[in-house]
Amino acid sequence: MSRPVPDLSVYLVTDRLLARGRELVEVVLAAVRGGATVVQLREKESSARETLELGRALLERLRPLGVPLIVNDRVDLALALGADGVHVGQGDLPPEVARRLLGPKALVGLSITGPADLPTLDPAVVDYAGVGPIFPTGSKADATPALGLEELARLRRLLPVPIVAIGGITAANAAAVIAAGADGVSVVSAICSADDCEVAASTLVRAVREGRASRASPRPG
């Protein structure tokens, strides 16, 4: 796999409805100041034009900072924006179609909701997997049943690409998610709805570090 995968440590998924009336660009920039490493533009309640304008505003601010902008689902919007990549679900355009349209340099992520989805991931096409939901979540109405940490650990062993875990992840459980094998945590409300988005992101960064440290530490006995 020749494409470099970015640091997935704290992967922010946007949601203006959860931003408590604040400008989404400012929410995202605060999160990046706190250490968010990737931003995924996911605005299912917005029109294509609104999402395009929002994406342009985000790209203008994120690209100089070296933070990738990934578009959720919409390969056409990713193309129109010149975004860094796209993240597709099991019901969206197949990853190989997204790759063909976006070209060899774009990032392509794929949602994995359980073992049955594993055959849809070709590591020659897909750069990383979004695995979840790990815990029950209210930010995605059509979410599948929660996998839990044991299933996350099993999927980590089976997946040939880096994984970012999503679904019900907070600062309180992020370290356990990383210890189970995830390369990063993907969050929506844990940052978008926080009182202070910068502090929320930095708290998640610390939790990710704790999880990696516990995974690296030898177990007693």
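**Figure 1. The largest nonpolar core of the predicted model**. In this predicted model, the largest nonpolar core has 66 residues, and those with the most contacts inside it are Leu62, Val131, Leu152 and Ile191. Helix α1, which covers residues 24-34, gives this core its largest share, namely eight residues.

**Figure 2. The surroundings of Val131**. When residues up to four places away in sequence are not counted, Val131 touches Ile112, Leu147, Leu152, Leu155 and Leu159, and also Ile163, Val164, Ala165 and Ile166. Val131 and Leu152, which touch each other, are both listed among the residues with the most contacts inside the largest nonpolar core.

**Figure 3. The packing of helix α1 against helix α8**. Helix α8 is formed by residues 197-216, and α1 packs with α8 at an angle of about 40°, with the two axes 7 Å apart. The crossing in which α1 passes α8 is right-handed. On the side of α1 the contact is made by Val27, Ala30, Ala31, Arg33 and Gly34, while α8 contributes Cys197, Glu198, Ala201, Ser202 and Val205. Sorted by class, the residues of this contact are six nonpolar, two polar and two charged.

**Figure 4. Helix α4 and the elements around it**. Helix α4 runs over residues 95-102, and within it Pro95, Val97, Ala98, Arg99 and Leu102 are buried. An α-helix has 3.6 residues a turn, so residues three or four places apart point the same way. The buried residues of α4 pack against α3 (75-81) and also against the strands β4 (85-88) and β5 (107-112). Just after α4 comes Gly103, which takes a positive phi of about 95°.

Figure 5. Of the 221 residues in the chain, 52% are buried. Among the contacts in the chain with a separation of 6 or more, 61% are accounted for by residues 24 or more positions apart.

Technical notes:
Residues numbered from 1 in each chain as written. Predicted model: local features only at pLDDT ≥ 70, side-chain atom pairs only at ≥ 80, totals over all residues. Heavy atoms only, no water. Buried < 20%, exposed > 50% of the residue type's maximum accessible area, 1.4 Å probe, protein only. Helix = DSSP H or I, 4+ residues; strand = E, 2+ residues; numbered from the N terminus. Contact = heavy atoms within 4.5 Å. Core = buried A, V, L, I, M, F, W, Y, C linked by side-chain atoms within 4.5 Å. Axes fitted to C-alpha atoms, helices over the stretch in contact; angles between N-to-C directions. Left-handed = near helix turned anticlockwise from the far one by under 90°. Nonpolar A, V, L, I, M, F, W, Y, C, P; charged D, E, K, R; others polar.
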